[in-house]
Amino acid sequence: MDKPTASEAQLLQALQIQLGTLSSDDPTVLETRSNLALALSAQSRHVEAEAERRKVLRGLLALRSPDAPDLASARQRLAQVLLDQDKAVEALPLARQARADVRLDGLSDVERGEMEMTLALAMVAVDPASRSAARLRVEEALQYFLKGGTFGEDGATEARSWLGH
């Protein structure tokens, strides 16, 4: 394993402290795990990120209603880390379920864009013939990213690139 970054080390320390006093499915623990998964993904340590994303999803499944926005986000983020590992066949049902089950009013514009983008990428990775349907999702994602302002810039850049703009 590579030497942890400073943020990763802090998250691991926080997680260790939290697990000493809180249950593994406590929302605080799950948020720390989600942040740790993000830090791991940023280092292209997708296998480790996947393990953390799965723990977050399991915990939220026990705590939340099926249409809870954070549960949908957890599914989408796990789908994304699976796509990062070329596991599109496993990612697609998660991305579809995230999109189908979510109450969109509970998500930010950027989160809505990420949901549409992940679903589109998974669709094309599994079935290249679905490119036209995926294109519609990416166009929708771009609109959400643009509404998200500064926070949506990276997503908008990715969507534009995919669309060929």
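Leaving aside neighbours within four places in sequence, Ser34 is in contact with Arg53, Val56 and Arg77; contact means heavy atoms within 4.5 Å. The model is a predicted one, in which local features need pLDDT of at least 70 and side-chain atom pairs count only at pLDDT 80 or more, while totals for chains, interfaces and linings use all residues. Residues are numbered from 1 along each chain as its sequence is written, and side-chain values use heavy atoms, with hydrogens and water left out.

Ser34 is found in helix H2 (residues 27–42). Helices are DSSP runs of H or I with at least four residues, numbered from the N terminus. Ser34 is buried, with a relative accessible area of 11%. Buried means under 20% relative accessible area, exposed means over 50%, and partly exposed lies in between, for a 1.4 Å probe and protein chains only.

Lys55 lies in helix H3 (residues 46–63). At 33% relative accessibility, Lys55 counts as partly exposed. Not counting residues up to four places away in sequence, Lys55 touches Leu30 and Arg33. Lys55 and Arg160 are 105 residues apart in sequence. In space they are 33 Å apart, C-alpha to C-alpha.

Two packed helices are described by the angle between their axes and the distance between the axes. The axes of H4 (residues 69–83) and H5 (residues 88–101) come within 8 Å and cross at roughly 160 degrees. Axes are lines fitted to C-alpha atoms, for helices over the stretch in contact, and angles run from 0 to 180 degrees between N-to-C directions. H4 and H5 are therefore roughly antiparallel to each other, a term for angles over 145 degrees. H4 passes H5 in a left-handed crossing: the near helix is turned anticlockwise from the far one by less than a right angle.

On the H4 side, the contact residues are Ala72, Arg75, Gln76, Leu78, Ala79, Leu82 and Leu83. They meet Ala88, Glu90, Ala91, Leu94, Ala95, Gln97, Ala98 and Asp101 in H5. The residues of this contact divide into 10 nonpolar, 2 polar and 3 charged. Ala, Val, Leu, Ile, Met, Phe, Trp, Tyr, Cys and Pro count as nonpolar, Asp, Glu, Lys and Arg as charged, and the others, Gly among them, as polar.

Glu116 lies in helix H6 (residues 109–126). Glu116 is buried, with a relative accessible area of 1%. Not counting residues up to four places away in sequence, Glu116 touches Arg99, Arg137, Glu140, Ala141 and Tyr144. A polar contact of 2.7 Å joins the side chains of Glu116 and Arg137. Such a contact is a pair of N or O atoms within 3.5 Å; within protein, one must be able to donate a hydrogen and the other to accept it, and residues adjacent in sequence count only if both atoms are side-chain atoms.

Conventions:
Helix = DSSP H or I, 4+ residues; strand = E, 2+ residues; numbered from the N terminus. Parallel < 35°, antiparallel > 145°, perpendicular 65-115°, else oblique.
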